[in-house]
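Thank you all for making the time this morning. Please have the picture in view as I talk.

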Amino acid sequence: MCLAVPLKIKTIDGKNAVGEAGGLSQNVRVDFIQDLKPGDYVLVHAGFAIQKMTEKEAQENLALMQEVVHELS
C-alpha cells in the first residue's frame, strides 16, 4: 500500500522544492509538475510531487488523515 501526502509548496529551486504540512517541512522533487509556484498544493509520494491539488482537496485529505490518526490513538 502506498501513502501520498498533500503539501503546500513554500519554495522552489529548479526541480527541488520545500513543501509543508502540519508545521513540518519536506524536500520534494517537482520534475512531474508543470507551472508550479509557491502556495500551490501537491500530492507527494516517495519524495516526488505527483499531482497538483486545490487547497480544498488538500485540506480535506489532511483532515481525513488526522481522523485516522485520532481513531488509532
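Let me begin with a definition, namely that a residue is called buried under 20% relative accessible area, exposed over 50%, and partly exposed in between, with a 1.4 Å probe and protein chains only. This is a predicted model, in which local features need pLDDT of at least 70 and side-chain atom pairs count only at pLDDT 80 or more, while totals for chains, interfaces and linings use all residues. Residues are numbered from 1 along each chain as its sequence is written, and side-chain values use heavy atoms, with hydrogens and water left out.

With that in place, the chain has one helix and five strands, where helices (H or I, at least four residues) and strands (E, at least two) are DSSP runs numbered from the N terminus. Read from the N terminus on, the order of the elements is β-β-β-β-β-α.

As for overall dimensions, the C-alpha atoms fill a box of roughly 40 × 25 × 20 Å along the principal axes. The radius of gyration is taken over C-alpha atoms, and the globule rule is 2.2 Å times the number of residues to the power 0.38. For 73 residues a compact globule would come near 11 Å, and the chain has 12 Å, which agrees. Of these 73 residues, 25% count as buried.

Now to the strands, where two of them are said to pair if DSSP finds at least two bridges between them. Strand β4, residues 41-45, has four of its five residues buried, so it is largely enclosed by the rest of the structure. On one hand, β4 is joined to β1, residues 5-13, by four bridges in an antiparallel arrangement, and within that pairing leucine 7 has valine 42 as its bridge partner. On the other hand, β4 pairs with β5, residues 48-53, over five bridges, again in the antiparallel sense, with histidine 45 standing opposite phenylalanine 48.

What does the turn between β4 and β5 hold? The hairpin has two residues between the strands, and alanine 46 takes a positive phi near 55 degrees there, although alanine 46 is not a glycine. Alanine 46 is also exposed, at a relative accessible area of 64%.

A positive phi near 55 degrees is found in aspartate 35 too, which is likewise a residue other than glycine. Aspartate 35 lies in the loop between β3, residues 24-29, and β4, and its relative accessibility of 68% makes it count as exposed.

The other hairpin is that of β2 and β3, with two residues between them, and here glycine 22 in the turn has a positive phi of about 60 degrees. Six bridges join β2, residues 16-21, to β3 in an antiparallel arrangement, and valine 18 stands opposite asparagine 27.

Lastly, let me come back to phenylalanine 48, which sits in strand β5 and is partly exposed at 31% relative accessible area.
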